[in-house]
Amino acid sequence: MTPHPKSVLVLNGPNLNLLGSREPAVYGEQTLAGVETICRDACLAHNFTLDFRQSNHEGLLIDWIHEAGAKQAAGALAGVVFNAGAYTHTSIALHDAIKGAAVHLIELHISNVHAREPFRHHSWLSPVAQGVIAGFGVKGYALAITAIATQ
Ligand code: DQA
């Protein structure tokens, strides 16, 4: 009997609902729905179920990280892929949530934040992430799911 598949939570923070129309030269032309399809295909390939969410609200993202920690502790969650958008560079609260929930999390950025404005070079999430994927466009989401599958 195949064991019940674990899920992967893909979390998207502020302004990522605008993908497709938002600065296409930086973020590409794929919509968030297109990103969800990329994630669903990658999850299928690794026998994960997908939980795909987006919010513009920091507190809701924190609640979802806490929920993910409980799910991971129960053995039902393989990991989290988190594109926190600009909260990456501002949110000590998200840093604390990831640390407090002890969740296995990959920080994801569509653009190469280190090749952009200096205010994007610091991340509050990197010290509590397992790893960081940045600069590979929306394909980075599939790379992150593969990374979760290989750990
Ligand atoms: C981003 C990079 C952040 O600096 C920016 O605020 C975003 C998107 C990315 O995916 O490249 O909203 O996380």
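**Entry 1: Ala-144**

I began with Ala-144, which is buried at 0% relative accessibility. Buried stands for under 20% relative accessible area, exposed for over 50%, and partly exposed for what lies in between, with a 1.4 Å probe and protein chains only. I am working on a predicted model, where local features need pLDDT of at least 70, side-chain atom pairs count only at pLDDT 80 or more, and totals for chains, interfaces and linings use all residues. My numbering runs from 1 along each chain as its sequence is written, and side-chain values use heavy atoms, with hydrogens and water left out.

Ala-144 belongs to helix α5, residues 139-149. Helices (H or I, at least four residues) and strands (E, at least two) are DSSP runs, numbered from the N terminus.

**Entry 2: Phe-52**

Next I went to strand β2 (residues 49-54), where I found Phe-52. Is Phe-52 buried or exposed? Phe-52 has a relative accessible area of 15%, so I wrote it down as buried. Between Phe-52 and Leu-9 I noted 43 residues in sequence and 6.0 Å in space, C-alpha to C-alpha.

**Entry 3: the loop between α2 and β2**

His-46 sits in the loop between α2 and β2 and is partly exposed, at 29% relative accessibility. His-46 and Lys-6 are 40 residues apart in sequence, with 9.9 Å between their C-alpha atoms.

Asn-47 lies in the loop between α2 (32-45) and β2. I looked up its backbone angle: phi of Asn-47 is near 60°, a positive value in a residue other than glycine. With 49% relative accessibility, Asn-47 counts as partly exposed.

**Entry 4: Ala-102**

Ala-102 is in the loop between α4 (92-101) and β4 (105-109). Its relative accessible area is 52%, so Ala-102 is exposed.

**Entry 5: Ser-123**

Ser-123 is in the loop between β4 and β5 (131-134), and I found it buried at 12% relative accessibility. Which side chain joins that of Ser-123 in a polar contact of 3.0 Å? I traced the contact to the side chain of Glu-107. A polar contact is a pair of N or O atoms within 3.5 Å; within protein, one must be able to donate a hydrogen and the other to accept it, and residues adjacent in sequence count only if both atoms are side-chain atoms. The side chain of Ser-123 also reaches the backbone nitrogen of Leu-125, at 3.0 Å.

**Entry 6: the ligand**

The residues around the ligand include Arg-22, Tyr-27, Ser-111 and Val-113, where being near takes a heavy atom within 4 Å. I sorted this shell into four nonpolar, five polar and two charged residues. Here Ala, Val, Leu, Ile, Met, Phe, Trp, Tyr, Cys and Pro count as nonpolar, Asp, Glu, Lys and Arg as charged, and the others, Gly among them, as polar.

I then checked distances to ligand oxygen atoms. A polar side-chain atom of Asn-83 is 2.8 Å from a ligand oxygen, and a side-chain N or O atom of His-109 is 2.8 Å from a ligand oxygen. For Arg-120, a polar side-chain atom lies 2.9 Å from an oxygen atom of the ligand. The ligand taken alone exposes 320 Å², and the protein buries 99% of that; the areas come from the Shrake-Rupley method with a 1.4 Å probe, and for residues only the protein chains shown count as cover.
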